[in-house]
Amino acid sequence: MLEHIKIVLVGTTHSGNIGSVARAMKTMGLSRLCLVQPKAELDGHAYALSAGASELLSQAEQFDALGSAVADCGLVVGASARSRTLSWPMLEPRACAELAVKEAATHSVALVFGRESSGLSNDELQLCNYHVCIPANPEYSSLNLAMAVQIVAYEVRVAALAAQSQVEASDDTAYPSSSQMENFYQHLQQTLDQTGFIIRQHPGLVMTKLRRLFNRARPEEAEYNILRGILTSVQKRIGNTDQNQR
């Protein structure tokens, strides 16, 4: 998913900021950097501040206009710290990241950041499906470009990890069927009856609470097999004890 999410910088004036953005991206697993009409060269200062993320700088794509940089993207989100005359759908970083990760499964996504002094122009913002605004302290909302990218990139990584966990849980986990669980409850009741834990004629309340317990726990298929094995082992032990006593 992260391979389909690109960070687009428009009109960046300081080479050090580009290097710092590359560092911020790499720490969060993002690798696609696009530069639109940069005002600074990728010089030694940029590479020094990239701090080990120099490959992102060397592989960065450069464009003459924002429209060209986002032409292949199905979702474009532009960072905006100012209120605009033309209202636009606005997201906070967390919602932006969740949407970006979701849509990156099917197409490229661009997260666009503007000039250090003036941000994105209104024309550039109108190329975006959404705007994202970091809810900073209103009394002092000044964020360095790399800081802003770091915040959004962090949220993207958190959203990607959460999505991956859901995929792994849904794809890899097998659960026993309803009929298998009914067999388990019958086996459990039979075993508890044999041990004398419940009264054969009145198993009701105990078994109801045990059903609620296991339904809430929702054992996986491997755990279900272990539970059945434990019950079988107890029954064998009880049978051997009865024979020895006779």
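Q: What does partly exposed mean in terms of relative accessible area?
A: A residue is buried under 20% relative accessible area and exposed over 50%, and partly exposed is the label in between. The model to which this is applied is a predicted one.

Q: Why is Q37 called partly exposed?
A: The relative accessibility of Q37 is 39%. Buried requires under 20% and exposed requires over 50%, so Q37 counts as partly exposed. Q37 is located in the loop between β2 and α2 (44–50).

Q: What is noted about the phi of Q37?
A: Q37 is not a glycine, yet its phi is positive, at about 45°. A51 is another non-glycine residue with a positive phi, in this case near 50°.

Q: Why does A51 count as partly exposed?
A: Its relative accessible area is 47%. Exposed would require over 50% and buried under 20%, so A51 is partly exposed. A51 sits in the loop that connects α2 and α3 (54–58).

Q: What makes R115 buried, partly exposed or exposed?
A: The relative accessibility of R115 is 22%. The buried class needs a value under 20%, so R115 counts as partly exposed. R115 belongs to the loop between β6 and α6 (122–125).

Q: Which residues does R115 touch, leaving out those up to four places away in sequence?
A: Contact means heavy atoms within 4.5 Å. R115 touches V10, G11, L120, S121 and E124. R115 and H14 are 101 residues apart in sequence, and their C-alpha atoms are 9.6 Å apart in space.

Q: Why is S15 called buried?
A: The relative accessibility of S15 is 8%. The cut-off for buried is under 20%, so S15 counts as buried. The residue lies in helix α1 (residues 15–27).

Q: Which residues are in contact with S15, beyond its neighbours within four places in sequence?
A: They are A40, E41, D43, H45 and A46. R218 is 203 residues from S15 along the chain, with 54 Å between the two C-alpha atoms.

Q: How do you know that strand β1 is largely enclosed?
A: Buried residues are those under 20% relative accessible area. Six of the six residues of β1 (residues 5–10) are buried, so the strand is largely enclosed by the rest of the structure. In β2, four of the five residues are buried, and that strand is mostly covered.

Q: Which residues of β1 point one way and which the other?
A: I5, I7 and L9 point one way, while K6, V8 and V10 point the other way, and all are buried. In a regular strand the side chains alternate between the two faces of the sheet.

Q: What makes β1 a partner of both β6 and β2?
A: Two strands pair if there are at least two bridges between them. Five bridges join β1 to β6 (residues 108–113), and these strands run parallel. Five bridges also join β1 to β2 (residues 32–36), again in parallel. On the β6 side, I5 stands opposite V109. On the β2 side, K6 stands opposite R32, V8 stands opposite C34, and V10 has V36 as its bridge partner.

Q: Why are β3 and β5 said to stand at the edges of the sheet?
A: The seven strands form an open sheet in the order β3-β2-β1-β6-β4-β7-β5, with parallel pairing. β3 (61–63) and β5 (90–91) each have a single partner strand, so one side of each is left without a neighbour in the sheet.

Q: How many helices and strands does the chain have, and why is the chain called more spread out than a compact globule?
A: There are ten helices and seven strands. The C-alpha trace spans about 95 × 40 × 35 Å along its principal axes.

Q: What share of the residues of the chain count as buried?
A: Of the 246 residues, 38% count as buried. The accessible surface comes to about 14200 Å², and 50% of it belongs to carbon and sulfur atoms.

How values were computed:
Residues are numbered from 1 along each chain as its sequence is written. This is a predicted model: local features need pLDDT of at least 70, side-chain atom pairs count only at pLDDT 80 or more; totals for chains, interfaces and linings use all residues. Side-chain values use heavy atoms; hydrogens and water are left out. Helices (H or I, at least four residues) and strands (E, at least two) are DSSP runs, numbered from the N terminus. Buried means under 20% relative accessible area, exposed over 50%, partly exposed in between (1.4 Å probe, protein chains only). Accessible areas come from the Shrake-Rupley method with a 1.4 Å probe; for residues, only the protein chains shown count as cover.
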